[in-house]
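Please look over the sequence and the model shown below before reading on. The briefing is meant for someone who has not seen this structure before.

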Amino acid sequence: MKNNRRSFLTKAAALGLASTIPFQIKSRPKAKELPSLKGRKVLFTYGGWDGHEPLKYRDYMGDWLKNEGAEVTLSDSLDSYLDKDLMTSVDLIIQLYTMSQITNEQEKGLVEAVKAGVGIAGWHGGLCDAFRNNVEYQFMTGGQWVAHPGGVIDYSVKILDTGDEVTAGLSDFRMTSEQYYMHVDPNTKVLATTKFTGETNDWINGCVIPVAWKKIYGKGRVFYTSLGHNLDHITQEPDALEMLQRGIKWAGASKFEKTENLVNPIYSS
Ligand SMILES: [Zn+2]
């Protein structure tokens with residue numbers, strides 16, 4: 001009894017103390033430590049439509065990866081996917097290559113590497129509005145952009161899975177950017193979502209579409225977020241950037257960690 005009383009008093013004191021902590025200090029729930037990118041071999045392919053700022057992202061994210069200790073190979077050519085030695089040596093592929101065309105041989109080089117266990121991560125159109133004619137590629141990524149009603153607009157992102165290491169402790173946030181309406185594999189692990197208004201297309205009022213997900217293709221981890229039409233859209237929102245960077249770290253451990261079962265059907269059979 002005495003111990004219980006002491007425990008109560010200790011908790012009360014802690015609560016009293018907590019009330020004096022400024023609001024801007026966030027206490028984030030403990031999540032599984034994300035694996036470091038130190039020593040990871042990363043291939044970063046960039047190109048395609050200029051509106052998605054491949055060069056700016058190459059510099060910003062390339063510097064971040066190097067700062068995290070990754071060994072980064074930057075490539076503006078999809079022919080990197082034909083380089084068997086490179087593709088078997090890398091741990092992670094980051095791709096920002098909007099629309100464009102990929103040859104069957106380049107696509108095969110990419111998907112076979114991921115199938116064998118290389119992780120892949122990307123954002124916005126650089127991963128999921130690339131190579132519209134290539135269905136095996138889309139089978140790997142788990143989603144394809146189909147519309148961004150209204151162009152650059154204000155919208156909300158809801159963190160759906162607060163238990164996942166990529167999104168643990170992150171808060172819902174607002175974006176001023178393109179809100180991607182996507183066709184998404186319903187067997188992915190969705191981490192964040194966004195709800196559409198009917199302002200531009202009245203029939204999608206209330207539609208909820210994934211903003212970030214994890215999935216597996218063969219043995220490879222796939223991470224995607226639809227955020228990031230422009231670099232400053234994502235760097236202006238700390239939780240958005242944090243989610244992307246954590247997702248990259250998670251995918252970067254594809255060859256080194258066992259992956260949990262990510263198949264999570266939303267329909268009953
Ligand atoms: Zn865009």
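This is a predicted model: local features need pLDDT of at least 70, side-chain atom pairs count only at pLDDT 80 or more; totals for chains, interfaces and linings use all residues.

Of the 269 residues in the protein, 40% are buried. Among the contacts in the protein with a separation of 6 or more, 77% are accounted for by residues 24 or more positions apart.

**The sheet**

- An open sheet is formed by 9 strands, which follow one another in the order β2-β1-β3-β4-β11-β10-β9-β6-β7, and the pairing in this sheet is mixed.
- The edges of this sheet are β2 (71-75) and β7, each of which pairs on one side only.
- On average, and with direction ignored, neighbouring strands of this sheet are turned by 20° against each other.

**Strand β3 and its partners**

- Strand β3 is paired with β1 in the parallel sense over 7 bridges, and within this pairing Val-42 stands opposite Leu-92 in β3.
- Strand β3 (residues 92-98) also runs parallel to strand β4 (residues 119-123), to which it is joined by 3 bridges.
- Is β3 enclosed or open to the outside? Because 7 of the 7 residues of β3 are buried, this strand is largely enclosed by the rest of the structure.
- The cover extends to both faces of β3, with Leu-92, Ile-94, Leu-96 and Thr-98 buried on one side and Ile-93, Gln-95 and Tyr-97 buried on the other.

**Helix α2 and the strands it lies across**

- Strands β1 and β2 pair in the parallel sense over 5 bridges, and the bridge partner of Lys-41 in β2 is Glu-71.
- Together with helix α2, strands β1 and β2 make a right-handed β-α-β unit.
- Helix α2 (residues 54-67) lies across β1 (41-48), β2 and β3, and its direction is at about 170° to that of β1.
- From its first C-alpha to its last, α2 reaches 19 Å with its 14 residues, which is close to the 20 Å expected at 1.5 Å a residue.
- Which residues of α2 are buried? They are Pro-54, Tyr-57, Arg-58, Met-61 and Leu-65.
- Seen down the axis of α2, these buried residues fall within an arc of 105°, so they line one face of the helix.
- An α-helix has 3.6 residues a turn, so residues three or four places apart point the same way.
- The cover over the buried residues of α2 includes β1, β2, β3 and α7 (231-235), whereas Asp-63 and Asn-67 are exposed on the other side of α2.
- Just after α2 comes Gly-69, which takes a positive phi of about 95°.

**Two loop residues**

- Glu-165 is found in the loop that runs between β6 (152-159) and β7 (173-178).
- Because Glu-165 has 18 other C-beta atoms within 10 Å, this residue is partly exposed.
- Glu-165 and Glu-33 are 132 residues apart along the chain, and yet their C-alpha atoms are separated by 7.3 Å.
- Gln-179 belongs to the loop between β7 and β8 (181-184).
- Is Gln-179 buried or exposed? With 27 other C-beta atoms within 10 Å, Gln-179 is buried.
- The C-alpha atoms of Gln-179 and Ala-147 are separated by 8.4 Å, the two residues being 32 residues apart along the chain.
- If its neighbours within four places in sequence are left aside, Gln-179 is in contact with His-148, Ile-153, Tyr-155, Thr-194 and Phe-196.

Notes: Residues are numbered from 1 along each chain as its sequence is written. Helices (H or I, at least four residues) and strands (E, at least two) are DSSP runs, numbered from the N terminus. A residue is buried if 20 or more other C-beta atoms lie within 10 Å of its own, exposed if 12 or fewer, and partly exposed in between; C-beta atoms are placed from the backbone. Two strands pair if DSSP finds at least two bridges between them. Axes are lines fitted to C-alpha atoms, for helices over the stretch in contact, and angles run from 0 to 180 degrees between N-to-C directions. Two residues are in contact if their C-beta atoms, placed from the backbone, lie within 7 Å. The expected span of a helix is 1.5 Å times one less than its number of residues. The arc is that of the directions from the helix axis to the C-beta atoms. A crossover is right-handed if, with the strands pointing away from the viewer, the path from the first strand over the helix to the second runs clockwise.
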